Amino acid sequence: MRWGGSLEWESGVVAGDLEWKEIAEPVMELYSESTDGSTIEVKDSGLVWHHQDADPDFGSCQAKELLVHLENVLANEPALVKRGRHIVEVKPQGVSKGLVAEKVLSVMIEKGEAPDFVTCIGDDRSDEDMFESIMNMVSKTCPEIFACTVGRKPSKAKYYLDDTVDVVNLLSGLANASDPKPSNPARFQVTFDAVF
């Protein structure tokens, strides 16, 4: 995580804990070679096999097989294999969005800067631990919590939005409500690094 734009990124994962990547990556490459439209994303602390551009039925079937295959070969490794929307992800055990959310909020509270309002938006099963963490942690220190899942489905989030257009509209509305007459309009520009 990074605490400010000019500060360095901090990693909570030790490189020695990632030796399992050498086992998981060749397995993912086999499935990627046999599944047109699939790709592998290599992250500092994990691997993600994407199949959103593959044939939907074949990609889904391959994802199920890959999940089982990885769980078997990584059974004795400190890694966790999870399936998400059009992905199979392998990451270090004990690393989750919920833990990151808890750390950010804990640091803010320790500094005496508890948030007035917390917004947490996600569209995947992997976001559920984050929703649960903020609801448990922030309810004690923050009166306003807005946990929201994108797409109607069972979720620990109290609210939902239909799609990414609604997310952008919500963020725009929040920006305008917090300061209806901004002195610097660029301050409220919403940008995204990845395409939804």
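User: What percentage of the 196 residues in the chain is buried?
Analyst: This is a predicted model, in which local features need pLDDT of at least 70 and side-chain atom pairs count only at pLDDT 80 or more, while totals for chains, interfaces and linings use all residues. Residues are numbered from 1 along each chain as its sequence is written, and side-chain values use heavy atoms, with hydrogens and water left out. Buried means under 20% relative accessible area, exposed means over 50%, and partly exposed lies in between (1.4 Å probe, protein chains only). By that cut-off, the buried share of the 196 residues is 33%.

User: In which sense do β3 and β4 pair?
Analyst: Two strands count as paired if DSSP finds at least two bridges between them, and β3 and β4 have 6 bridges. The sense of the pairing between β3 and β4 is antiparallel.

User: Which residue of β4 is the bridge partner of V48?
Analyst: Strand β4 also pairs with strand β2 (residues 46-50), antiparallel and over 4 bridges. As for its setting, β4 is mostly covered, since 6 of its 6 residues are buried. Within β4, the bridge partner of V48 is E89.

User: Which strand gives the largest share of the lining of the largest cavity?
Analyst: On a 1 Å grid over the protein atoms alone, a cavity is a set of points where a 1.4 Å probe fits but cannot get out, and lining residues have an atom within 4 Å of a point. Grid points are joined across faces, edges and corners, and a volume is the space filled by probe spheres set on the points; the count comes to 1 cavity of 30 Å³ or more, and the largest holds about 30 Å³. Its lining consists of K82, R83, G84, I87, E89, D124 and S126, with β3 (79-84) and β4 (87-92) each supplying at least two residues. The largest share, 3 residues, comes from β3.

User: How many charged residues are in the lining of the largest cavity?
Analyst: Ala, Val, Leu, Ile, Met, Phe, Trp, Tyr, Cys and Pro count as nonpolar, Asp, Glu, Lys and Arg as charged, and the others, Gly among them, as polar. Under this scheme the lining has 1 nonpolar residue and 2 polar ones, and the number of charged residues is 4.

User: Which residue of β6 is the bridge partner of T119?
Analyst: Strand β5 (residues 117-122) has a covered face made of V118, C120 and G122, whereas F117, T119 and I121 form the uncovered one. This strand runs parallel to strand β6 (residues 144-150), to which 6 bridges join it. In β6, the partner of T119 is F146.

User: Which residue caps the N-terminal end of α5?
Analyst: Helix α5 (residues 164-178) has 15 residues and reaches 21 Å from its first C-alpha to its last, close to the 21 Å expected at 1.5 Å a residue, where the expected span is 1.5 Å times one less than the number of residues. At its N-terminal end, a side-chain oxygen of the capping residue lies 3.1 Å from the backbone nitrogen of V165, and that capping residue is D163.

User: Why does Q62 count as buried?
Analyst: Q62 belongs to helix α2 (residues 56-73), and its C-alpha is separated by 7.5 Å from that of T35, 27 residues apart along the chain. Q62 counts as buried because its relative accessibility is 7%.

Terms used: Polar contact = N/O pair within 3.5 Å; in protein donor to acceptor, adjacent residues only side chain to side chain. 1 Å grid on protein atoms, 1.4 Å probe; cavity = no way out; pocket = protein on both sides within 12 Å on 5 of 7 lines; lining within 4 Å.
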